[in-house]
Amino acid sequence: MSQDIIKVLLVIENKIQAEFLEMILEENNNYKVEKEFNGKVVFEKLKNNPEDYLDSVIIISYQLPEMDGLKIMSELKKLGYNYAFIFLTSDKTVERALEAMKSGALDFIPKSEELPEMLPEMVEKVYFIQKDKLEQDRIKKELDESRRALEKLSVVARETNNGVLIYDNNGVIEWMNEGYTKLTGYNLSEYIKKYGDNIILNDHDDELKNQIWSKIEKNKPYSYTVKAKTLDEKDIWLQISLSPAFDENGNLSKIVKVVSDITEIKLKEAEIVKQKENIEHSINYAKRIQEALFPEPDTIMKGVISDLLVFLKPKDIVSGDFYWFNQTGDKILIAAADCTGHGVPGSFMSMLGISSLNVIVRQLDMKSKEESNEENKMDYIKSNIMLDMLKAEIIRSLRQTGESGEAQDGMDIALSIIDLQSNKLQFSGAYNPMLLIRNNELTEYKADKMPIGIHRKKTNPFSAEEIEIENNDVIYMFSDGFIDQFGGEDGSKFMLKNFKTLLLQIYEKPMSEQYSILDDAIKNWRGERPQIDDILVIGVKFKTENIIE
């Protein structure tokens, strides 16, 4: 007897007879019996749940409520369900047996005194017939699917413009498609003559060989790029993709190599690299020009100015933020500006701003000298006057009219003028404020809320603040790059409040040390996030005992 557990479905109207057959089968532990008594219920169950009963032996009688046994078998056969039916009937005629077999039964058993002996043997026979049939169906289905897949692969391999090569489990080539010949000019024999018959080509180094086999053994695809030559000695770039195929036991059976021509892509890449190098060369040259316009800090290290900080971090190579120093007579002028944009566009604006400020200082200096006399010395070097003139010059240079839709390029700026004789500082700002720290207290001097450039809502002159300089005062002027930088755990902005707190912690330190602290602070805050804008911070420390007498 079989050691398999055989599932049996008894479909018999007579419950006493069903229990009798169940008792016969359950004398052997190999059977698991389920009973049904209504023909319609059984038909719906078998129609809707074939996966539960295809491997069962179904003993079914003719007389059933609502739907007889022959009807059930024939209808299921029409639907394509091949169940393992044994037809049970009291009619012992050959005609009834033939009718049962035509309807889909695998065997026929009459009700008789020999039923207890015949039933187990017949059930086991039908079970193995059905088991073999299901296995054959499974194998046939897998073969059909494999055949269809191979047909598709064959068409793809034949029609594709890519090269396809198939190797055995030892890496020995077995087949090559026409696509590879079209790509390289090599047919199979010429390829083997040139490179050998193994997937590890002779010109591969040991490191690449190890990488390839390491991936293949781990059932992982591997891709790499090589420069090769066609049969007629033309250079060609190839993208190689290797895919291992394993059998049902997990053993390597085939290796499929797909070869694509990426020569055009490589040529474009080389062209892009060359263009990038040319652009970077041009921008680096522009950086040298821009840096040449930036004044040296040493030029204003005199009088009350004892220490100076210039912290400039362009987002790109060149900067839209700029600093500016100048001196005329006993006055030192310091500015921190933030132009529209950054990178190359911003750098153009910064150079326009620097040159305009230099021209304005010369114009005002000449005007002061022309209109001065021994009795009345005129002074036009005022921070608010300079910003008014700078605004007019930027509007003129950029031909701004204020029309709707026009680009509103310009700059925000903080400008301080330090009088070495009077020990006073005059400040004016276009959006950019100035911070003064004195005796551990920070005061913010607000800027006018209008830019240097066209502005439809604000046409008023700039205002000015005058401050008496005291010993150890420190002022800071800056762009918004530091305070607007995203970072921290939640990706928020650094914010002006945190910037003020940081300055209060470091203002007494030497400016060189402050530079390092600011640099570390913004790097740690930013983390892996990109810098979003140019960053500029100017710091000036005063010592009043150094003032010119």
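A: Let's start with a term: a salt bridge is a side-chain nitrogen of Lys or Arg within 4 Å of a carboxyl oxygen of Asp or Glu. This is a predicted model, where local features need pLDDT of at least 70, side-chain atom pairs count only at pLDDT 80 or more, and totals for chains, interfaces and linings use all residues. Residues are numbered from 1 along each chain as its sequence is written, and side-chain values use heavy atoms, with hydrogens and water left out.

Q: How many salt bridges does the structure hold?

A: Side chains of opposite charge can pair when their charged atoms come close. Here there are 24 salt bridges. One of them joins Asp 55 to Lys 7, with the closest N and O atoms 3.2 Å apart.

Q: Where in the chain do Asp 55 and Lys 7 sit?

A: Helices (H or I, at least four residues) and strands (E, at least two) are DSSP runs, numbered from the N terminus. Lys 7 is in strand β1 (residues 6-11), while Asp 55 is in the loop between α3 (50-53) and β3 (57-61), so the pair links distant parts of the chain, 48 residues apart.

Q: Is Asp 55 buried, exposed or partly exposed?

A: Buried means under 20% relative accessible area, exposed over 50%, and partly exposed in between (1.4 Å probe, protein chains only). Asp 55 has 34% relative accessibility, so it counts as partly exposed. Lys 7, at 29%, is also partly exposed.

Q: Which helix holds both Lys 71 and Glu 75?

A: Both lie in helix α4 (residues 69-78), four residues apart, about one turn of the helix.

Q: What makes up the nonpolar surface patch of about 280 Å²?

A: For nonpolar patches, side chains (Val, Leu, Ile, Met, Phe, Trp, Tyr) are joined within 5 Å, and each residue has over 30% relative accessible area and no salt bridge; like charges are joined within 9 Å. Areas come from the Shrake-Rupley method with a 1.4 Å probe, and for residues only the protein chains shown count as cover. Here Tyr 285, Ile 289 and Leu 293 make the patch. Leu 293 lies in helix α10 (residues 263-293).

Q: Which residues touch the most other members of the largest nonpolar core?

A: A nonpolar core is a set of buried Ala, Val, Leu, Ile, Met, Phe, Trp, Tyr and Cys residues joined through side-chain atoms within 4.5 Å. Among its 54 residues, the answer is Trp 324, Ile 334 and Met 386. Strand β13 (residues 331-339) gives the largest share of this core, seven residues.
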